[in-house]
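Student: I've got a model open on my screen and I'd like to talk through its charged pairs and its pocket. Can we go step by step?

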Amino acid sequence: MSKTRFEWDAKKDEENQEKHGVSFAIAQFAFVDPNRVIAEDHSHSSSEKRHYCFGLVESGVLTVRFTYRDDVIRIFGAGYWRKGKQIYERENQIHKRTPRKA
């Protein structure tokens, strides 16, 4: 993580902590998870590519919304969301369903 640089807007970080209970400083740790999942966010911003990082942080799967600006990861949202956990578990094949017996 020492080679990767992160940045964020301080006011946005404060708002995120109030709304979702997660600081962007903590959100950085999702990128350290060796099983993290990176996905492109197709639903926002046509002028700048946005992404999600789903990674295990503090015993939960954290969803981080971010973009790349030059060689810096700019975080603009983070939270423990069910959909992010579902994507992480699916991509890492966690909690595989067993076939039902006929």
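Student: Is R90 buried or exposed?
Tutor: Keep in mind that this is a predicted model. The cut-off for exposed is over 50% relative accessible area. R90 comes out at 56% relative accessibility, so R90 counts as exposed.

Student: Which side chain does R90 meet in a salt bridge?
Tutor: Look for a carboxyl oxygen within 4 Å of the R90 side-chain nitrogen. There's an N to O distance of 3.3 Å here.

Student: How far apart are the closest N and O atoms of E89 and K85?
Tutor: Both sit in helix α3, 4 residues apart, which means about one helical turn separates them. E89 is buried at 18% relative accessibility, while K85 is partly exposed at 42%. Their closest N and O atoms are 3.9 Å apart.

Student: And which residue forms a salt bridge with E15?
Tutor: Go to helix α1 (residues 10-20) and step 4 residues, about one helical turn. The closest N and O atoms are 3.8 Å apart, and the partner is K11.

Student: Now the largest pocket: how much space lies in it?
Tutor: Its lining has 14 residues, with Y52, F54, T63, K83 and I87 the closest to the centre. β2 (37-41), β3 (50-57), β4 (60-69) and α3 (82-91) each supply at least two lining residues. The space in this pocket comes to about 230 Å³.

Methods: Residues numbered from 1 in each chain as written. Predicted model: local features only at pLDDT ≥ 70, side-chain atom pairs only at ≥ 80, totals over all residues. Heavy atoms only, no water. 1 Å grid on protein atoms, 1.4 Å probe; cavity = no way out; pocket = protein on both sides within 12 Å on 5 of 7 lines; lining within 4 Å. Points joined across faces, edges and corners; volume = space filled by probe spheres on them. Buried < 20%, exposed > 50% of the residue type's maximum accessible area, 1.4 Å probe, protein only.
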